[in-house]
Amino acid sequence: RAFIPKLVSIDEQELHDARDSFGMERSVWKPTMWKRSSMILTSFLLVIFLLVMIEFSYWSNFGTYIWYFLFAMKFLSILIEDLLGSMLTESLLV
């Protein structure tokens with residue numbers, strides 16, 4: 001059985017209960033939706049990056065310069081991890 005989280009967080013539900021109907025209609029900020037959208041965008045960008053890396057590994061000279069590429073990829077992975085951390089702003093998601 002798959003775990004499917006609730007569409008509305010507890011904080012959003014409390015905010016919804018505290019506001020009047022007019023205030024909720026004006027509100028554009030929905031934190032759960034923004035977090036999920038950010039996670040989907042970040043995942044999509046990461047998949048594209050990793051796909052480029054896989055395609056790059058099929059290059060005919062990749063085997064000749066493999067140690068240079070492994071060294072470069074190690075540092076690139078550190079930069080990507082920092083970028084993901086700043087995009088998602090939650091350490092548990094990175």
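Reader: Hey, what should I know before I start looking?

Author: Residues are numbered from 1 along each chain as its sequence is written, and side-chain values use heavy atoms, with hydrogens and water left out. The model is predicted: local features need pLDDT of at least 70, side-chain atom pairs count only at pLDDT 80 or more, and totals for chains, interfaces and linings use all residues.

Reader: Ok, how many helices and strands does the chain have?

Author: There are 4 helices and 0 strands. Those are DSSP runs numbered from the N terminus, with helices being H or I of at least four residues and strands being E of at least two.

Reader: And what share of the residues is buried?

Author: Buried residues account for 11% of the 94 in the chain. Buried means under 20% relative accessible area, exposed over 50%, and partly exposed in between (1.4 Å probe, protein chains only).

Reader: Let's pick one residue. Where is Ile80?

Author: Ile80 sits in helix α4, which covers residues 66–88.

Reader: Which residues is Ile80 in contact with, leaving aside neighbours within four places in sequence?

Author: Those are Leu46 and Phe49. Contact here means heavy atoms within 4.5 Å. Ile80 and Phe49 are 31 residues apart along the chain, and 9.5 Å separates their C-alpha atoms.

Reader: New topic: where is Leu45, and is it buried or partly exposed?

Author: Leu45 belongs to helix α3, residues 31–57. Leu45 counts as partly exposed because its relative accessibility is 42%.

Reader: Why is the pair of Phe56 and Trp59 stacked?

Author: Their ring planes are at 25°, with the centres 5.8 Å apart, so the pair is stacked. Phe56 is partly exposed at 30% relative accessible area, and Trp59 is partly exposed at 38%.

Reader: What about Tyr65 and Tyr68, how do their rings sit?

Author: Their ring centres are 6.4 Å apart and the planes are at 50°, so that pair is tilted. Tyr65 is partly exposed, with a relative accessible area of 39%, whereas Tyr68 is exposed at 62%.

Reader: Which residues do ring pairs link into a cluster?

Author: The cluster is made of Phe56, Trp59, Phe62, Tyr65, Tyr68 and Phe69.

How values were computed. Phe/Tyr/Trp six-rings, centres within 6.5 Å; stacked < 30°, edge-to-face > 60°.
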